[in-house]
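Let us take a walk through this structure together, from the overall fold down to individual side chains. Please keep the sequence and the model side by side as you read.

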Amino acid sequence: MTTSTTLNTTYQDIFKTENGKTYLSALPKLEKITSGQSFLYRQNGAPSMVIDIRLTNDIDAAYLRQSVYKSLQRYPYLTSQLVEKDANYYLSKNDRPLIVAETDQLRALGSDEVNQHLIDVTFSEKTIFIAYHMQLQTDAVLCHSLKRYFITT
């Protein structure tokens, strides 16, 4: 596994890992998405699923970002985006970095604000918010990723 100190390099390295290569090879075989389209709440859609984690200490932004990027290397499908083709939605690779931001506001999944990602990680003081599209069904993965964050801080 490669490591780096720059966001873009670290993010792009996700697709060079064994898991990343497996993810990329599986993408062309995926069928269209038939549920959860309303969770792209750009205007009138429903709010996303959100995990709200409250800690006793302030969050270290650098450690949280590092944990998120390590998790993306292990679970590269979390980097997916939905693309529309002939009125159908498909999961697709997303080359844009996931932006971990300090804010207490939820951001629209699938929007430019989150680089078209189906997951968004934000934090404020002692709280981490993880919003995700139901298509990813990531409860177990996210909990594992967070455990890694807590172990390293």
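Two strands are taken to pair if DSSP finds at least two bridges between them. With that in mind, look at β5 and β6 in this predicted model: they form a hairpin with two residues between them.

The protein chain holds four helices and six strands, and their order along the sequence is α-α-β-α-β-β-β-β-β-α. Of the 153 residues in the chain, 44% are buried.

Strand β6 also has a partner in β1 (residues 49-54), and this pairing is antiparallel as well, over six bridges. Here Val50 has Ala131 of β6 as its bridge partner.

Charged side chains come next. Side chains of opposite charge can pair when their charged atoms come close. Over the whole structure, three salt bridges are found. One of them links Asp120 and Arg107, with the closest N and O atoms 2.4 Å apart. Because Asp120 lies in strand β5 and Arg107 in the loop between β4 and β5, this pair ties together parts that are 13 residues apart in sequence. Both Asp120 and Arg107 are buried.

Asp52 and Arg54 also meet through their side chains in a salt bridge (3.1 Å, N to O). Asp52 is partly exposed at 36% relative accessibility, whereas Arg54 counts as exposed at 66%. Asp95 and Lys93 make another salt bridge, again at 3.1 Å from N to O; Asp95 is partly exposed, with 41% relative accessible area, and Lys93 is partly exposed too, at 27%.

Together with Asp58, Glu102 and Asp104, Glu125 belongs to a patch of negative charge on the surface. Asp104 sits in the loop between β4 (101-102) and β5 (119-124) and is partly exposed, with a relative accessible area of 48%.

Methods:
Residues numbered from 1 in each chain as written. Predicted model: local features only at pLDDT ≥ 70, side-chain atom pairs only at ≥ 80, totals over all residues. Heavy atoms only, no water. Patch = residues over 30% accessible without salt bridge, like charges linked within 9 Å, V, L, I, M, F, W, Y side chains within 5 Å. Areas by Shrake-Rupley, 256 points an atom, 1.4 Å probe, with all protein chains shown as cover. Salt bridge = Lys/Arg side-chain N within 4 Å of Asp/Glu carboxyl O. Lys, Arg positive; Asp, Glu negative; His and termini not counted. Charge placed at Lys NZ, Arg CZ, Asp CG, Glu CD. Buried < 20%, exposed > 50% of the residue type's maximum accessible area, 1.4 Å probe, protein only.
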